[in-house]
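Hi everyone, thanks for making the time.

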Amino acid sequence: MLDSKLVRTNPEAVAEALQKRGYVLDTSRIKALEERRREVQVNTETLQSERNASAKAIGEAKRRGEDIEPLLAQVNQLKQSLSDAESELESIQGELDEILSGIPNLPADEVPEGASEEDNVEVRRWGTPREFDFPVVDHVDLGARLGGLDFDTASKLTGARFALLRSGVARLHRALAQFMLDTHIEVHSYEEVNVPFIVNADSLTGTGQLPKFEDDLFKLNDERCFYLIPTAEVPVTNILRNVLLDGADALPLRFVSHTPCFRSEAGAHGKDTRGLIRQHQFEKVELVQFVRPENSEQTLEELTGHAEAILQKLGLPYRTVILCGGDLGFSAAKTYDIEVWVPSQERYREISSCSNFRDFQARRMKARYRNPETGKPELLHTLNGSGLAIGRTLLAVLENYQQADGSILIPEVLQPYMNGRTSLGVNTPL
């Protein structure tokens, strides 16, 4: 959430900054509401003062033995007027809060102009895509030949956009998750957290999924208003909701969590219907950091590097792009997408998004730290990134390490997690 004072007092500047996103802010409505809010606020304070003065006058009249009925009638009228003014003030503030909750974060200055993913700007590449001397097979067919990737049975069990993993492919998926966790914990110094996969509405509001993006969520048919998590970002970031960290050493905090993720893909009809790219249920290793404001820009570079390191260790070619304003997520001020090379599509596909939210989520969550220099509470900055999406990493390993006979070489860093196996064979699945 943006600073309400900034939006109320300088909506034109906010509107100008949001133009990079293609977001149109109704400044006239905000200014009209703010003007009326100030009028009602002044009237409320005047009525409060008059009520207090009348109450004092009643006490003095009583001491003098005077008739206080006229004064009581005046006080009752003031009470009603004050109640009406307070109700109007609450209504105006509620409308302002509703507008504020729907305004996305301001993009960082370095975010490029653009309307869609086509306008994202590449910042670096790593690795060279492999040249195959045989026809490339996509991961769906590769997995089927290995007897380890079954979409038909998953569809029977649940429906479209679900997958059933078996045997060696299932173990490779598990190996990837364990390898990612071990790397982030032992090499990158994250603390592992195991979090609930069901959260309440307050948690989703804190990270920005609610109220605007409810259609993207799986809501439980339960009077308690529970949701399946779309990403571990939600429960992990909300660990600090309504928390004031104290002490000079409280920050930074680094958390890593492996969870399933559930997304309705409400706006993705007809997109990536084949394979593991876009599923209703998938697993992800998520990185979340809480830092002091002055450190968040550098932290974004480091966090993105932590996600990239996984791909480098796996030997998977990738590129990193900075998202343009039109492709930026609602809560993010700046985002890098990491895209892995997918041979069957002859293109790079997103495997991780790493974002700096600055104080946008912290303001919604009331997540603060006590600045040791000033002794005053301040909003901290939040960041997160996929480190990585496991299903998409599995896809990339299957396709990039495929052999002419349909077998899959296992990257060296994963072999200890695969009981020393160096490959998955069509006739000898693990």
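Let me start with one cut-off: a residue is called exposed when its relative accessible area is over 50%, buried when that value is under 20%, and partly exposed in between. And please keep in mind that this is a predicted model.

With that cut-off, Arg-224 is exposed, because its relative accessible area is 54%. Its side chain meets that of Asp-222 in a salt bridge, at 2.9 Å from N to O. Asp-222 has 27% relative accessibility, so Asp-222 is partly exposed.

How many salt bridges does a search of the whole structure find? The search gives 28. Side chains of opposite charge can pair when their charged atoms come close.

Let me pick out another pair, Arg-274 with Asp-138, where the closest N and O atoms are 2.7 Å apart. Arg-274 is partly exposed, at 45% relative accessibility, whereas Asp-138, at 17%, counts as buried.

Next comes Arg-358, which forms a salt bridge with Glu-297, with 3.3 Å between the closest N and O atoms. Arg-358 belongs to strand S12 (residues 347–358) and Glu-297 to helix H10 (residues 296–314), so this pair ties together parts that lie 61 residues apart in sequence. Arg-358 is partly exposed at 27% relative accessibility, and Glu-297 is partly exposed at 28%.

There is also a network of salt bridges, linking Arg-8, Glu-34, Arg-37 and Arg-38.

Which residues form a negative surface patch? They are Glu-117, Glu-118, Asp-119 and Glu-350. You can find Glu-118 in the loop between helix H4 (69–101) and strand S1 (121–126). Its relative accessibility is 65%, so Glu-118 counts as exposed.

Last, the cysteines. With a disulfide taken as two cysteine sulfur atoms within 2.5 Å, the count comes to zero. Cys-261 is in no disulfide, and the nearest cysteine sulfur, that of Cys-354, is 14 Å away. Is Cys-261 buried or exposed? Cys-261 counts as buried, because its relative accessibility is 1%. Cys-324 is in no disulfide either, with the nearest cysteine sulfur, again that of Cys-354, 17 Å away. Cys-324 is buried too, with a relative accessible area of 0%.

Notes. Residues are numbered from 1 along each chain as its sequence is written. This is a predicted model: local features need pLDDT of at least 70, side-chain atom pairs count only at pLDDT 80 or more; totals for chains, interfaces and linings use all residues. Side-chain values use heavy atoms; hydrogens and water are left out. Patches are made of residues with over 30% relative accessible area and no salt bridge: like charges are joined within 9 Å, nonpolar side chains (Val, Leu, Ile, Met, Phe, Trp, Tyr) within 5 Å. Accessible areas come from the Shrake-Rupley method with a 1.4 Å probe; for residues, only the protein chains shown count as cover. A salt bridge is a side-chain nitrogen of Lys or Arg within 4 Å of a carboxyl oxygen of Asp or Glu. Lys and Arg count as positive and Asp and Glu as negative; His and the chain ends are not counted. The place of a charge is taken as NZ of Lys, CZ of Arg, CG of Asp or CD of Glu. Helices (H or I, at least four residues) and strands (E, at least two) are DSSP runs, numbered from the N terminus. Buried means under 20% relative accessible area, exposed over 50%, partly exposed in between (1.4 Å probe, protein chains only).
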